[in-house]
Amino acid sequence: IKAVYIDSSAPKASIEGVADTVDGWVNSADQVINFKGTDDLSMDTLEATINGKSVFSTSAHDKVTDLSGSINLKDGSPNSDGSYNVEVKATDSSGNTSTATYSVKVDDQKPIIKNFTFVSPTYAEGKTFGGTDEYGFFFQDSVQVGVEIEDPAPSSGVVSVDYKLIAAPDSKIGSTSGKVDVTSSFANIPVPIDFKGYIEATAMDAVKNVSEPARPDGVITESKNWNVSTALIKMDVPTTEHKDNNSTPLYNKVVDVLTNILSPVAGIRQLDWGISLTDALDNSKEKLDIPLSGSYSSSYWSTVSTDKNLVTQTKATLSVKDDVNSQTLWTTATDRAGHVSKYMTKMSVDLTAPVLSVQWNQTNPTPYYNSNRVATLTVTDVNFDPSLVVIQGVSGTLGAWSNVATNTWVNTITC
């Protein structure tokens with residue numbers, strides 16, 4: 001007699017999912033999924049599909065109460081949202097069935113840093129992405145540098161940005177690193193005041209895919225104090241023992257002034273210079289704009305030193321040529337962070353010899369006179385000094401000099 005079994009109970013299908021997921025996401029389709037089917041009496045078949053595609057099937061060859069199997073997610077194809085939907089079907093020998101399902105999403109693409117943004121820089125002329133070792137962004141205070149990130153679909157979401165501040169040798173603030181959160185595909189990197197150097201960043205998504213490193217051109221956050229302690233305008237004015245009537249240094253020839261300008265932190269952006277007859281410097285006589293590349297042409301100025309693309313020192317020989325008293329030779333230098341340095345020096349230049357005229361009170365046709373003669377001496381000169389008058393030969397008595405008009409002096413001598 002052949003045994004007959006009455007089995008109305010369905011078998012049990014179960015799936016062992018991926019151990020490490022983040023909100024149902026993993027970073028690779030190379031994931032092994034284990035599953036099994038069990039029955040109180042006898043199992044017949046065990047089948048599995050991924051997104052409806054059959055990827056596994058096995059049958060019992062003997063009377064067994066359980067069947068097991070495993071698949072790899074990469075044997076299937078994901079849905080457009082990155083999901084892998086696994087379904088396992090267990091069938092017992094009586095034809096009863098049961099199913100189990102499991103879903104996981106795969107994000108196997110790195111985030112992409114698309115750009116860096118700079119809020120309210122003094123000057124922002126550099127590359128915001130694909131930066132070099134040149135400097136391109138200049139501030140007078142600390143700054144938040146924005147990072148724009150894209151995470152290609154299917155995306156588990158970008159969660160953080162790791163950054164490094166790589167300090168230049170002359171930076172007042174040293175190198176540092178940190179991590180900032182990402183909100184709506186955007187993060188802010190804090191850059192402190194008095195930093196000079198470079199920013200490098202990587203973005204990480206929820207399943208720890210990490211972007212390629214990205215950086216903009218170099219950043220300088222130069223405070224006023226840092227500028228004051230390092231910037232310099234130096235004018236080498238020749239010495240003179242002479243002074244005009246206002247005690248201003250006086251020269252009897254064209255004055256050549258060797259001028260050196262140093263701006264070692266942020267480099268020189270603009271030079272203004274000129275000669276003024278007042279203390280106001282708003283009558284700019286000459287101007288030189290130095291581009292970010294540091295390359296320029298000038299008949300006055302030449303580069304002495306550079307730091308990458310920054311012109312950190314220039315020099316020029318500035319000549320004071322006008323025959324005028326109380327001239328102010330002045331120079332202002334604006335660095336790329338917008339700080340301004342000023343220097344001026346006052347001098348008088350007298351290139352004209354005094355004019356002396358003599359008028360006698362009487363003139364005979366012969367050299368014989370029966371009374372004293374009086375000579376009126378008139379000197380016209382901007383910088384006349386009575387103490388320097390020299391009378392040669394036998395003469396009478398020289399009186400006191402009188403300043404009768406602008407630049408005009410009169411005296412008499414009786415012979």
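This is a predicted model: local features need pLDDT of at least 70, side-chain atom pairs count only at pLDDT 80 or more; totals for chains, interfaces and linings use all residues.
Sorted by class, the residues around the second largest pocket comprise five nonpolar, three polar and four charged.

The largest pocket holds about 560 Å³ of space. A total of 23 residues line the largest pocket, and those nearest its centre are Pro354, Asp381, Asn383, Asp385 and Leu388. Strand E19 (242–243), strand E20 (249–251), strand E28 (355–360) and strand E29 (374–380) are the elements that supply two or more residues to the lining of the largest pocket. In terms of class, 13 of the lining residues are nonpolar, five are polar and five are charged.

Attention now turns to the aromatic rings. Such a pair is described by the distance between the ring centres and the angle between the planes. Eight aromatic pairs are present in the structure. One of them joins Phe118 and Phe137 in a stacked arrangement, with 3.8 Å from centre to centre and 10 degrees between the planes. Because Phe118 belongs to strand E9 (residues 112–118) and Phe137 to strand E11 (residues 135–139), this pair ties together parts that are 19 residues apart in sequence. Phe118 and Phe137 are both buried. Together with Phe139, Phe118 and Phe137 form one aromatic cluster.

Strand E11 also takes part in another pair, through Tyr135. Tyr135 and Tyr198 are stacked, their centres 5.4 Å apart and their planes at 20 degrees.

Arg269 is placed over the face of Tyr123, 3.5 Å from the ring centre. In a further example, the charged end of Arg373 is found over the ring of Trp360, at 3.9 Å from its centre.

Methods:
Residues are numbered from 1 along each chain as its sequence is written. Side-chain values use heavy atoms; hydrogens and water are left out. Rings of Phe, Tyr and Trp (its six-membered ring) pair if their centres lie within 6.5 Å; planes under 30 degrees apart count as stacked, over 60 as edge-to-face and the rest as tilted. Helices (H or I, at least four residues) and strands (E, at least two) are DSSP runs, numbered from the N terminus. Buried means under 20% relative accessible area, exposed over 50%, partly exposed in between (1.4 Å probe, protein chains only). A charge sits over a ring if NZ of Lys or CZ of Arg is within 6 Å of the ring centre and within 35 degrees of the ring normal. On a 1 Å grid over the protein atoms alone, a cavity is a set of points where a 1.4 Å probe fits but cannot get out, and a pocket is an open set with protein on both sides within 12 Å along at least five of seven lines; lining residues have an atom within 4 Å of a point. Grid points are joined across faces, edges and corners, and a volume is the space filled by probe spheres set on the points. Ala, Val, Leu, Ile, Met, Phe, Trp, Tyr, Cys and Pro count as nonpolar, Asp, Glu, Lys and Arg as charged, and the others, Gly among them, as polar.
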